[in-house]
Structures are given as C-alpha cells and as structure tokens.
Amino acid sequence: MKKLLALLLLSPLAFAEKNEMIPLQDYAENLGDNVGDSNMLYVTYRCAGLYGMMYGLMQNAPQEGAKETAKNLDEANTTIIRISELLYNKLTPEEDRDFTDNLTRSVLPMADNYQKEANASWTNTGNYFNDFIMNDAEMCRRVVEGWNQGLAK
C-alpha cells in the first residue's frame, strides 16, 4: 500500500493546483477544548498523507541519511495508521466498517495536497520541505510520541 501511495503522489496530477489545507496547528487551535475522536481521526489521516508523501520523496533520495529518514517515516506512518484504525473503529458501526477503503479515499487527497505544497516549495526554494510541511510534521511527531508514551504506561 505504501508503494501505491508513493506512486500516486508522484503522478502528474499532483503537480497542478494549490494546497487547500490549513496548517494542523491552526486546525488544533480552532478546536480549542472540543477535540473528539472524529477530529483526531482527521489529524491522523492528515499525518498518514504527510508521511506517505515524505516517504515517497525520501525512499530513493541520494542524500546522506535519506534511507534512515525514510525508515523512520515508514515506522511513524505505521503507528499513525494503527491509531487511525482504532479511532475509525470507535466511530463506525461494525457492520459499516471498511477501514482500508476509508483510509485510501480520505488520505489520498490529503497526500496530494502535501505533494502540491512540496512541489511548489521545490519550485520556489529548491527544497521540498517548507515551513508548512515541517510544522505539520512536528504536529504529527507529537501525535506519534504521545501515542507511544501512552503505550509505555
């Protein structure tokens, strides 16, 4: 599934248009204290889209440390998808569940938006990972760390 996501992200369609997503930090701040499972599911889906896009860029990158970074992104994405599935199962009646389909339909447009952002950044700066992407990656890192710390207790 990761390779399919990476291939879709690098399609020519991903190079058109503009990212329409707001930063995850702004999304979280707009929620205030009203964070529910559906809001967290959205955040984890955004993180899955972000990590999938970043993994696609890093898996064959020639830079030193790229392979290790890709491995870390893959591990973080596995954790994010596990969190997503737990949240999805809490929100969806058992007879209506199709997590893989929901994940794919939800995450691919988000990943496309991250790819658009990365492509625009590359065009403007020569760097794929601009502030928008790095700030969202930081938010996603905190979600993964919070989850992992919760499991350690």
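Visitor: Which backbone nitrogen lies 3.0 Å from a polar atom of the side chain of Asn130?

Guide: The backbone nitrogen in question belongs to Ile133. Please note that this is a predicted model, in which local features need pLDDT of at least 70 and side-chain atom pairs count only at pLDDT 80 or more, while totals for chains, interfaces and linings use all residues. Residues are numbered from 1 along each chain as its sequence is written, and side-chain values use heavy atoms, with hydrogens and water left out.

Visitor: What is the pLDDT of the chain?

Guide: The pLDDT is the predictor's confidence in each residue, from 0 to 100. The chain averages 87, and 87% of the residues score at least 70. Over residues 1–15 the pLDDT is below 50.

Visitor: What joins the side chains of Asn130 and Glu117?

Guide: A polar contact of 2.7 Å joins them. The term denotes a pair of N or O atoms within 3.5 Å; within protein, one must be able to donate a hydrogen and the other to accept it, and residues adjacent in sequence count only if both atoms are side-chain atoms.

Visitor: Why does Asn130 count as buried?

Guide: Buried means under 20% relative accessible area, exposed over 50%, and partly exposed in between (1.4 Å probe, protein chains only). Asn130 has 18% relative accessibility, and therefore counts as buried. Asn130 is found in the loop between helix 5 and helix 6; helices (H or I, at least four residues) and strands (E, at least two) are DSSP runs, numbered from the N terminus.

Visitor: Why is the pair of Trp122 and Tyr128 called stacked?

Guide: Rings of Phe, Tyr and Trp (its six-membered ring) pair if their centres lie within 6.5 Å; planes under 30 degrees apart count as stacked, over 60 as edge-to-face and the rest as tilted. By this rule the count comes to four aromatic pairs. One of them, Tyr88 with Phe99, is tilted, with 5.5 Å from centre to centre and 55° between the planes. For Trp122 and Tyr128 the centres are 4.7 Å apart and the planes stand at 20°, so this pair is stacked.

Visitor: Why does the pair of Tyr88 and Phe99 tie together parts that are eleven residues apart in sequence?

Guide: Tyr88 lies in helix 4 and Phe99 in helix 5, so their pairing links these parts of the chain. Both residues are buried.

Visitor: Why does Trp122 count as partly exposed?

Guide: Trp122 has 43% relative accessibility, and so counts as partly exposed. Tyr128 is also partly exposed, because its relative accessible area is 28%.

Visitor: What makes helix 3 mostly covered?

Guide: Of its 22 residues, 18 are buried. Helix 3 reaches 31 Å from its first C-alpha to its last, close to the 32 Å expected at 1.5 Å a residue; the expected span is 1.5 Å times one less than the number of residues.

Visitor: Which residues of the largest nonpolar core touch the most other members?

Guide: A nonpolar core is a set of buried Ala, Val, Leu, Ile, Met, Phe, Trp, Tyr and Cys residues joined through side-chain atoms within 4.5 Å. The largest one has 39 residues, and Tyr45, Leu50, Met53, Met54, Ile80, Tyr114 and Ile133 touch the most other members. Helix 3 gives the largest share of this core, twelve residues.

Note on methods: Contact = heavy atoms within 4.5 Å.
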